[in-house]
Structure formats: structure tokens, C-alpha cells
Amino acid sequence: AHSYSQFLPDENAMIAFGQRLITAICQLPSATNSKGITLYLNGELGAGKTTLSRGMIQGLGHQGNVKSPTYTLVEEYHLQGKRIYHFDLYRLSDPEELEFMGIRDYFSADSICLIEWAEKGKGLLEEADILVNITYADTARHIELIAQTAQGAQIITQLTS
Ligand code: ADP
Ligand code: MG
């Protein structure tokens, strides 16, 4: 499927959705893309991008905290043979910082990149397989997934099957 959307009444629903999403990603027949899987997490401050990431990372078995990579730009987790890179580029002042980090090396076959504020790294990041748009619905949230690649569409199909 090309897109999917869901209403998420509270934080627990967001966490549960993150678990479903990471499960769908891990059920992909094989990494069809040598650049791994890239998700752009879009939404205003406080929308729930980090909460969704926490659901995904803990859903893959991470026991500890998932701290926001606001100051470190990236936090990395090695779980179940995958590398999860959780980026928050909100404070990125100069895209060149990404070059110094060796940003290209983060996009490899076994990696899953979750990127908050991807627009700040425009031109230096791998294109998204899925755009994840989170919007406020009063105190709840609405989430929308839009596939940008064939691999992204496979993930959404898996999610809805
Ligand atoms: P972001 O990373 O987008 O800035 P965070 O995930 O850090 O946002 O914070 C989201 C905040 O919104 C948390 O305090 C969380 O408890 C709250 N919240 C309320 N409803 C929801 C929901 N449905 N999904 C996610 N977070 C929610
Ligand atoms: Mg955040």
C-alpha cells in the first residue's frame, strides 16, 4: 500500500504503533535496498516523534531509556542484527556537521534510520522510504505514513496485512 493513517488517542497508542511499525519493517523479506531503511518523522515540537521512536526501539528489545538525540544529533542502538540510528537534527546549524559525522556511512544495508527534522539535513540524507507525518488532534494525535519508495510501500503493506 502507498499510505496508511491512524488516530492515536494517547501516548501508549503511539508506543504500540511504533512496535507495530518496527515489526513490519523487520518482516520485510530482505533488505532490498543497500542503503537500509529511512523514515523521516515529521511534526511540530511535542507532536510525538521521539515517542514513536521510543516505541520502535523498545519494540525491538531495547530495555533502557530512549533519550532524545537533541544535543548529540544521533543515538545508536544495535538490536537483533540491525543498527537503529535515531537522529534529531533540530539543532543542526550547518549541514556540514553531517559531513563531518560521516553521514553517508549511517545509511547501510542493516540500518534503520529514524530522522526527526530531516529538512535541516536536506541534500545530505538518504531519501525517505516513508514519510511519517504526525499532527495534533486536540490532545491526541493523528499519524499518516506515505511511501516514497517500493520498499516503503512493502512496509506499509506488511503493516496492514
Ligand atoms: P517530539 O519528539 O515530536 O518533539 P515527543 O515525543 O518528545 O515529541 O513528545 C510528545 C509529547 O506528547 C509527550 O509528552 C507525550 O506524552 C505527549 N502525547 C500526548 N498524546 C500523545 C500521543 N497520542 N502520541 C504521542 N505523544 C503524545
Ligand atoms: Mg523529539
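Reply: Glu116 is buried, its relative accessible area being 2% (buried means under 20% relative accessible area, with a 1.4 Å probe and protein chains only). The model is predicted, so local features need pLDDT of at least 70 and side-chain atom pairs count only at pLDDT 80 or more, while totals for chains, interfaces and linings use all residues. Residues are numbered from 1 along each chain as its sequence is written, chains are lettered from A and ligands numbered from 1 in the order in which they are written, and side-chain values use heavy atoms, with hydrogens and water left out.

The magnesium ion (ligand 2) has Thr50 (OG1) and Glu116 (OE) as its protein donors, lying 2.1 to 2.2 Å from it; donors are N, O and S atoms within 2.8 Å of the metal (3.2 Å for Na, K and Ca), and water is not among the atoms, so sites may look incomplete. Thr50 lies in helix 2 (residues 49–59) and Glu116 in strand 5 (residues 111–116), so the pair ties together parts that are 66 residues apart in sequence. Helices (H or I, at least four residues) and strands (E, at least two) are DSSP runs, numbered from the N terminus.

Although buried, Glu116 has no salt bridge, and Lys49, the nearest side chain of opposite charge, is 4.5 Å away. A salt bridge requires a side-chain nitrogen of Lys or Arg within 4 Å of a carboxyl oxygen of Asp or Glu. Leaving aside residues up to four places away in sequence, Glu116 touches Leu41, Lys49, Thr50, Ser53, His86, Phe87, Asp88 and Leu89, where contact means heavy atoms within 4.5 Å.

Notes:
Buried < 20%, exposed > 50% of the residue type's maximum accessible area, 1.4 Å probe, protein only. Lys, Arg positive; Asp, Glu negative; His and termini not counted.
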